[in-house]
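Visitor: I am new here. Please show me the model and walk me through it.

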Amino acid sequence: MIKRALLTAALSLATVLSFGQPKLRPDNIEDIIKAMTDEELASLLVGAKESEFYYFEGTAAGVRSIPRLGIPATISCDGPAGLHFYPFRDNTDKTFYCTAFPVGVLSASSWDLELMETMTGALGNEVHEYGVDMFLGPGMNIHRSPLCGRNFEYFSEDPLLSGKMAAAYVRGIQSNGVTATVKHFAANNQETNRHENDARIGQRALREIYLKNFEIAVKEGRPGAMMASYNKLNGEYAQQSYDLLTTILREEWGYDGVVLTDHGAKDGTVKAAKAGCDLMQPGSEVELERMLEAVKEGAITRDELERNARHVLRYIVSTPRFKGYKFSNDPDLRTHAELARKVAGESIVMLKNDGGTLPLKAGAKLAVYGVGSEDFVAVGIGSGHVVAKHVGNMRESLTDAGFELNQDLAGYYKAYVELDHATKRVAGAMDWLVYESWGYGKKVAEADVPLNMLSRQAAEEDVAIIVISRDAGEGYDRSLVDDFELSVRERELIRLVSDEYHAKGKKVVVILNIGGVIETVSWNNMADAILLPWQPGQEGAYAVADVLAGKVNPSGKLTMTFPIDVLDHPSSANFPTCPQVGEAEQGLRKNVDYTEYAEGIWVGYRHFTTRGIKVSYPFGYGLSYTTFLYSKPIVKASSDGFTASVTVTNTGPVAGKEVIEVYVSAPYGGLEKPSRELKAFGKTRSLAPGESQTLSFTVPAYELASFNEAVSAWETAAGNYQVQFGSSVEDIRAAGSFRIKKPQSWKVNNL
Ligand code: BGC
């Protein structure tokens, strides 16, 4: 109490002394820093108080103002699939809805960097027009296990794809003059005990898998902000790790933006600040007191405070708020909705299409099963949730696309979902929205299979569509039962519907409206076609209808593996929701208090492909309504790595786009390497039947390197490298090779 009074007095004295003080400008940051009292420095580094930043419900945090030096309060807001705040505000009838774009795992399935940048260009415009300075996205942790609850927000199991997508994402957001925040740095690969879990990772896996994507994002995207994760990394909180936040991030990678904490206070405020974590978010009075105490005791130096303040002030002068931008509160939601639909359509992955089941005939008579047809999931839950004005569902989108829907069935699911919502919607609209955003397990459980209608529908309708939906979100990992595996009702639904329809010579299409990988081998033979739109945003159901109708030819590819069994992933031996949980060791709970990343670099396809383990759908997989032929490629060693080009021709009946995945197999000897690793990728434009396009790739030697932890260096071995051009990691269509004459190495610090 006394401390707080002294602090208030000190800050007011500073205000009195403000006469004649310089005001912050982009070119006088050093003068401002010199003019700041220790109290002001500390207050700048500890984030905004709630009263200052909660000017509308849902925003995350911000920076405190220091009026005497012309430093405004700035605000930040979640992401990443769109802005996360609530649409209603006091004293106005105006609503403030945001566009729910496709979640990260879907937009990355486009394998289209330009498209990603265009999408986040529009998202960034909403950030700008709603008066937000810092957007808390992209989320980009690696899909180490299919069961991580936040995989839907993240991009891939592969660091190159993840890093390139994040960089494109950041460029799009920041093209609006607002700041993107790359999160969660680093190794936040599980939600269970996410605040305290210690991710124990060997140096090689850390460098090649868990930091590599961030390295690419930093170097190619130049994000204005990085959010340090809650978890520990090899015994030290990421937020308090000097090695991570200063040595690697700034000194090795040349990062010059601001670093902030993930949200909520830890005891080690001062340690975090010393490590190079510039900004505590949201920041509390206790943290402020800790900082001031540390200044007084000399536990943190003025130099350290100034260093951090420099980063924060550079951020502040870049913000729209500092520049006095008069935001409209009126972004063009209609245009953004169209873009959201386009991105979803370009990214949907077609997993199966036997006998040309899809596209469906125009005006086909459809029976649409599953609660997901009505209660379609646009985005996940938690801070990644977005409140859109309207989320289209499959009933609406298929009707809109001119299909004839069985009305009895549509009515059955509509009534079921409405009843479920009515029981949950106990209080006012705002409570419902909060509940929806944070309501774990809100997803309506599958309804009983409408047995009484089934046989007649199978006789009368042309095709059965089954929608399987899933929620997932922040704070918990997914379970095996009823989540990775289908629930008993879902299983029954697929079996009974396919029996009835197949008996009558009709086709069955399954739509996977999910946020994370699920088990597919036990039922995929019962479906004739399977589409994977993930959680495709508010317009996603319309995008699915576009693909079903053949208006859009699917060109998305998997950014992770669909295993046969989740236990086939070596990470499952050390993941909370797998059966091995719970061994006591020195009072610590395995996979809760700490997690051994014992699988090292053998994450995703690196494991499955190298060890020849069968999967349900491999990394990079996705079908099209057309076919493509790859030419003999040209592969050449360059002064720094290699260059390659390949020509792709559309050999099928309709226009389409193809993703070309460039994998490299390193020469034998030295470090053990995956049999192939993704080193580049590209996507053709829409090619008409018979049309060709040549794609070229340039890969520097540094990107071919593996990390040798014995000497703490990246090493690219000399020898012959195979370059493979694949339509998936298991479907190599063309190959070439080049030679690196001399080994190369890049020494770095150990973490
Ligand atoms: C999440 C972050 C989010 C922050 C602010 C945290 O709990 O992990 O992703 O940006 O909250 O809402």
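Visitor: At what angle do helix α16 and helix α18 pack?

Guide: The model is predicted: local features need pLDDT of at least 70, side-chain atom pairs count only at pLDDT 80 or more, and totals for chains, interfaces and linings use all residues. Residues are numbered from 1 along each chain as its sequence is written, and side-chain values use heavy atoms, with hydrogens and water left out. Helices (DSSP runs of H or I, at least four residues) are numbered from the N terminus, and axes are lines fitted to C-alpha atoms over the stretch in contact, with angles from 0 to 180 degrees between N-to-C directions. Helix α16 spans residues 407–424 and helix α18 residues 451–460; their axes are 10 Å apart, and the angle is about 150°.

Visitor: Which residues make the contact?

Guide: Contact means heavy atoms within 4.5 Å. From α18 come Met-453, Arg-456 and Gln-457, and from α16 come Asp-408, Leu-409 and Tyr-412.

Visitor: Which residues come nearest the ligand?

Guide: A residue counts as near if one of its heavy atoms lies within 4 Å. The ligand has 13 residues around it; the nearest are Asp-78, His-184, Tyr-230, Asp-262 and Glu-474.

Visitor: How far is an oxygen atom of the ligand from an N or O atom in the side chain of Asp-78?

Guide: Take two other residues to begin. A polar side-chain atom of Tyr-230 lies 2.8 Å from a ligand oxygen, and one of Asp-262 lies 2.7 Å from a ligand oxygen. For Asp-78, the distance is 2.4 Å.

Terms used: A polar contact is a pair of N or O atoms within 3.5 Å; within protein, one must be able to donate a hydrogen and the other to accept it, and residues adjacent in sequence count only if both atoms are side-chain atoms. Helices (H or I, at least four residues) and strands (E, at least two) are DSSP runs, numbered from the N terminus.
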